[in-house]
Amino acid sequence: MLANLSLTTKVKILLLLLLLLTVATSFKSNFLYAHEYQQDGIFINHPYSIPTRPGTNNGVMYIVNIENLSKTMDKLTSVTTSIAESSEIHTMKNINGVMKMRKISSINLPLNQSISLKKGNPDGFHIMLLGIKQKLQNGDNFDATLHFENAPSIKVNVEVIESKVNHKH
């Protein structure tokens, strides 16, 4: 069948196939890279951020959930990223009808359990990005590294999306 085609047509078909292969490979690797990470029994499901609010130099990072399927109890002890001067693990609690945010040293990751850090999670867990170096806009992404007490650090890519309280993946 290809024998009857001109050389120009064969080259065009080859280039089109290469383009399709490149796009398909890129889509697959970006999809996997941007959503789920796993190392030594620690699973990270979809880290994300929301656009920066006007008039602030701080941002916030969420994670749909972290699951500990390793053989030991662990803790998320810190998160680092080059887009902010510093970052802190925070929780929000309703104290006498007033929402209070406070820095915490770590988040426990019990064995065989999933801990939510998504927006609106019951424990109010989130990562504050303090002194961000540029405003975060919908569609942006940035790298962050999650550090644990026992497991090796895990580098993730965080996508910036419009705020969704019940973000699911």
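Me: Why does His46 count as buried?

Reply: Happy to start there. His46 has a relative accessibility of 0%, and buried means under 20%, so His46 counts as buried. Please keep in mind that this is a predicted model. His46 lies in strand β2, and its phi is positive, about 55°, although it is not a glycine.

Me: What makes Asn96 exposed?

Reply: Its relative accessible area is 78%, and exposed means over 50%, so Asn96 is exposed. Like His46, Asn96 is not a glycine, and it too has a positive phi of about 55°. Asn96 lies in the loop between β5 and β6.

Me: What do β5 and β6 form?

Reply: They form a hairpin with two residues between them, and Asn96 is in the turn. The two strands run antiparallel, joined by six bridges. Two strands pair if there are at least two bridges between them, and six meets that cut-off, so β5 and β6 count as paired. Within this pairing, Met92 stands opposite Met101 in β6.

Me: How do you know that strand β9 is largely enclosed by the rest of the structure?

Reply: The strand covers residues 126-132, and six of its seven residues are buried, so β9 is largely enclosed. Two of its neighbours can be named. Strand β5 (residues 84-95) is joined to β9 by six bridges, with the two running antiparallel. Strand β3 (residues 59-68) pairs with β9 in the antiparallel sense as well, over three bridges. Ile127 of β9 has Ile89 opposite it, and Met61 also stands opposite Ile127.

Me: Which residues have the most contacts inside the largest nonpolar core?

Reply: Ile44, Met61, Leu76 and Leu146 do, in a core of 30 residues. To belong to such a core, a residue has to be buried, be of a listed type such as Ile, Met or Leu, and be joined to others through side-chain atoms within 4.5 Å. Leaving aside residues up to four places away in sequence, Met61 touches Pro47, Tyr48, Ser49, Val79, His126, Ile127, Leu129, Ala144, Leu146, Val156 and Val158. There is also a second, separate core of seven residues, including Ile50, Val64, Met128 and Ile161.

Me: Why is Phe43 called partly exposed?

Reply: Its relative accessible area is 33%, and partly exposed covers values between under 20% for buried and over 50% for exposed, so Phe43 is partly exposed. The place of Phe43 is in strand β2 (residues 42-49). Not counting residues up to four places away in sequence, its contacts are Tyr37, Gln38, Asn65, Ile66, Glu67 and Leu69. Its C-alpha atom is also 9.3 Å from that of Ser70, 27 residues apart along the chain.

Me: Which elements give two or more residues to the lining of the largest pocket?

Reply: β3, β6 (98-103) and β9 do. The largest share, three residues, comes from β3. About 420 Å³ of space lies in this pocket. It has 21 lining residues, and Arg53, Val60, Tyr62, Met92 and His126 are the closest to its centre.

Key:
Residues are numbered from 1 along each chain as its sequence is written. This is a predicted model: local features need pLDDT of at least 70, side-chain atom pairs count only at pLDDT 80 or more; totals for chains, interfaces and linings use all residues. Side-chain values use heavy atoms; hydrogens and water are left out. Buried means under 20% relative accessible area, exposed over 50%, partly exposed in between (1.4 Å probe, protein chains only). Contact means heavy atoms within 4.5 Å. Helices (H or I, at least four residues) and strands (E, at least two) are DSSP runs, numbered from the N terminus. On a 1 Å grid over the protein atoms alone, a cavity is a set of points where a 1.4 Å probe fits but cannot get out, and a pocket is an open set with protein on both sides within 12 Å along at least five of seven lines; lining residues have an atom within 4 Å of a point. Grid points are joined across faces, edges and corners, and a volume is the space filled by probe spheres set on the points.
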